[in-house]
Amino acid sequence: MGTTSLVLQLMLCSLALVSDSASSSVSLGLQPIPMATENYVAASRLRRLAVEFFDYYQNITLADMALDMNRDQHALPSALDLECLADLALLTQDLESAEIWALRMIDSWGSLPSGILYGNLRDLGNYDECLNIDHVVTTSHSVQGKYCFAKVSLAPSLSSRLSIKTAVCFPASCSTALMDTMLRRLFEKLLNVEIDTDMQLVNENTCKTAQKEPYDGLTIFTIVVLSVLCALMVLSTLYDYFFVKDQKKLSPLVKAFSARANSRVLFRIIDTRSNPNIIDCLHGMRCLSFIWVVYGHDYVVAAMGPNLNFIQAFTWTQSAYSMLIQHALYSVDTFFFLSGLLLVVIALRTMERTKGKLNIPMMYLHRYLRLTPVLALAIIIYMKILPIVADGPLYGSVTFDNYTVCEETWYWSLLYVQNYVTDKMCLGHSWYLAVDMQLYIISPLLLIALYKWGRKGAAAIFVLMLLLASGLFVTMVIGKHSIFYQTNDAMQKIYFSTHTRASPYLIGILFGYFVHMNRGKSVKLNRIVVFLGWMGSLALLFTCIFALYGYHNNNESPPILNEAFYLTLTRIAWPLGLCWVVFACMHGYGGLANSFLSSPLWQPLSRLSYSAYIFHMFIESLNGGITRTNTFFSDYEVMLRFWGDFGFTLLLAFFMYILIEAPFGNLESLLLPTHRTKEKPVLVTQHKTGEAIEAPPAPVPTLMTKSPLPEVRSKEAAHTNN
């Protein structure tokens, strides 16, 4: 989601460092940067930065620490200045006598990184060594380490991103303003350059100390809520395991929180081969799309990491394999397609039983209560728990969102309008929930049109889809919005907005109507038709992914008109390609694809996908933030990262499922019960009892007669339990 532009921007910044050579200038399309070369040569002659610093400031005075070089030297220094000066004087003194704490402070500094011309722009030093310094001076004062990043720009006229970042360790009493002043003077002396006063060499946001802020009220509240939920889960599980012999006699309230009961539902494998009305392949499609999302986001984390060979990112963007990552956004279109498909499949059956009646307020209430508990708790977990567990030198810089903005915009996320009303979304990936919820809100109008007017209603929906697709095209062409290179407001206008993402959802609705009208019918196709169907489907899917292959080879982007045609048409072509896959699998023409996508092993992961989607960025941000050393960028290294992130995402998702998602889903079904009627199995993807698969990450429309989370009370399910 936005992977392409971020990877390219980061790649281009590091590439500019080598663009001073003639060959690089030609191949990359960039102009030579003589100043960058001069700065690099000067920097390459330096000793270790810590040695240069303490050699230059071996007799430090208040004049060296003056924020304004023209400041009256007789002005009274602040208490902070005096404390920092005393600690630095003590440090230089103890360095001469080789005191271990002083040696550790300079030992923890980073160096000017080797391999700058290969894209290595960061040296992380030793984070833990700096923070563990605690030299007791008096009973009331000790010198502690303060870890920060300092940056030096090699080509300030080109981009602020073209800078070397290296770790520095100062006494905690020194402010970032003082560090900035001293490092500025040092670099200007050593490199013989004048650094722009507007450039901040040391940013407070990059600094860490061992002293932690006391937990605020919201952090304590989050810990208490999680503790209470854990206690309820543990007590209910123990009671269920030790004191209940017959599951039928288990209290519904205890059953709602019992990890044993919820795990039984989660891991139940249902054999649906005996029922031809089941769309088993949607399980595999759903899970593969979710895996695609996680894998694509891991490339974003890798791109933002301290790579030793970031220059190779340019070569990577030229590879055919990179198209799978740069166009991973189609996994989201798969979600929308599934959501629209299952909405119609379930809803029209329900409307047939109720003679066209829909309890629309109850639909909305069920959907809101189904989604919101997990999302609400996720918001405060990202805000307050992630900073505690993801402590590291890169936390806050190797992440997807600034989760501190949740304090200002959290309520927009709980109202599911964050994709329109703010450009500071609390959880960036929650935009999908907002779009899906907004499409769900208008879905009753579409369902009523299909039920009352049939094909005429379907034709109207088709025209609506074309109009919305045309709106996307016009928005891109007139507004000059490019999603691949992220022009101003491009993400808000054409990526997060509901009206520009509706095409796959509406195609899913139309295909769901087709499936509903042809349910129970036997479809006989000859081999030529089946072959042409698969070739057409694969052609659509592969065209969506690889159509732009070759543009990056020439270091150019497609013209805005070409991009507008591409994005508009592929958002229609992708779900059309999926329509054949689902159709073929339903009617026995899926072959190996159906065997793979319909494997019952996908069922548990499919049930976990909502929690996994919400919390997968927690794991990726955590693992990125705690990185202590430089990394190497390659497809294999990212794959290694992926398996670790994906595995821990599933563990966290399982924990959140039995802690939040399943209990609140069970409570919702108890508080808002609906009447169940005996009927033929509904055409869904889960099993005979009518338990519907949920379109990831948002659940399927809750038009069904009972929430899918509680244990299903059918003969098949009862037999499974016993």
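## Thr627, tucked into a loop

With a relative accessibility of 14%, Thr627 counts as buried, and that is in a predicted model. Thr627 sits in the loop that links helix H26 (602-625) to helix H27 (635-671).

What does the side chain of Thr627 reach? It gets to the backbone oxygen of Asn623, at 3.2 Å. Leaving aside residues up to four places away in sequence, Thr627 touches Leu124, Pro306, Pro393 and Leu394.

## H27 meets H16

Two packed helices are described by the angle between their axes and the distance between the axes. For helix H16 (residues 360-389) and H27, the axes come within 9 Å and cross at roughly 150°. The cut-off for roughly antiparallel is over 145 degrees, so H16 and H27 are roughly antiparallel to each other. Their crossing is right-handed.

On the H16 side, the contact is made by His366, Leu369, Arg370, Pro373, Val374, Leu377 and Ile381, while H27 brings Met656, Ile660, Glu661, Phe664 and Glu668. Sorted by type, the residues of this H16-H27 contact come out as eight nonpolar, one polar and three charged.

## Two positive phi values

Most residues other than glycine have a negative phi. Lys355, in the loop between helix H15 (330-353) and H16, has a positive one near 55°. Tyr416 is not a glycine either, yet its phi is positive at about 60°; this residue is placed in the loop between helix H17 (406-414) and helix H18 (418-421).

Are these two buried or exposed? Lys355 is exposed, its relative accessible area being 72%, whereas Tyr416 is buried at 2%.

Terms used:
Residues are numbered from 1 along each chain as its sequence is written. This is a predicted model: local features need pLDDT of at least 70, side-chain atom pairs count only at pLDDT 80 or more; totals for chains, interfaces and linings use all residues. Side-chain values use heavy atoms; hydrogens and water are left out. Helices (H or I, at least four residues) and strands (E, at least two) are DSSP runs, numbered from the N terminus. Buried means under 20% relative accessible area, exposed over 50%, partly exposed in between (1.4 Å probe, protein chains only). A polar contact is a pair of N or O atoms within 3.5 Å; within protein, one must be able to donate a hydrogen and the other to accept it, and residues adjacent in sequence count only if both atoms are side-chain atoms. Contact means heavy atoms within 4.5 Å. Axes are lines fitted to C-alpha atoms, for helices over the stretch in contact, and angles run from 0 to 180 degrees between N-to-C directions. Angles under 35 degrees count as roughly parallel, over 145 as roughly antiparallel, 65 to 115 as roughly perpendicular and the rest as oblique. A crossing is left-handed if the near helix is turned anticlockwise from the far one by less than a right angle, and right-handed if clockwise. Ala, Val, Leu, Ile, Met, Phe, Trp, Tyr, Cys and Pro count as nonpolar, Asp, Glu, Lys and Arg as charged, and the others, Gly among them, as polar.
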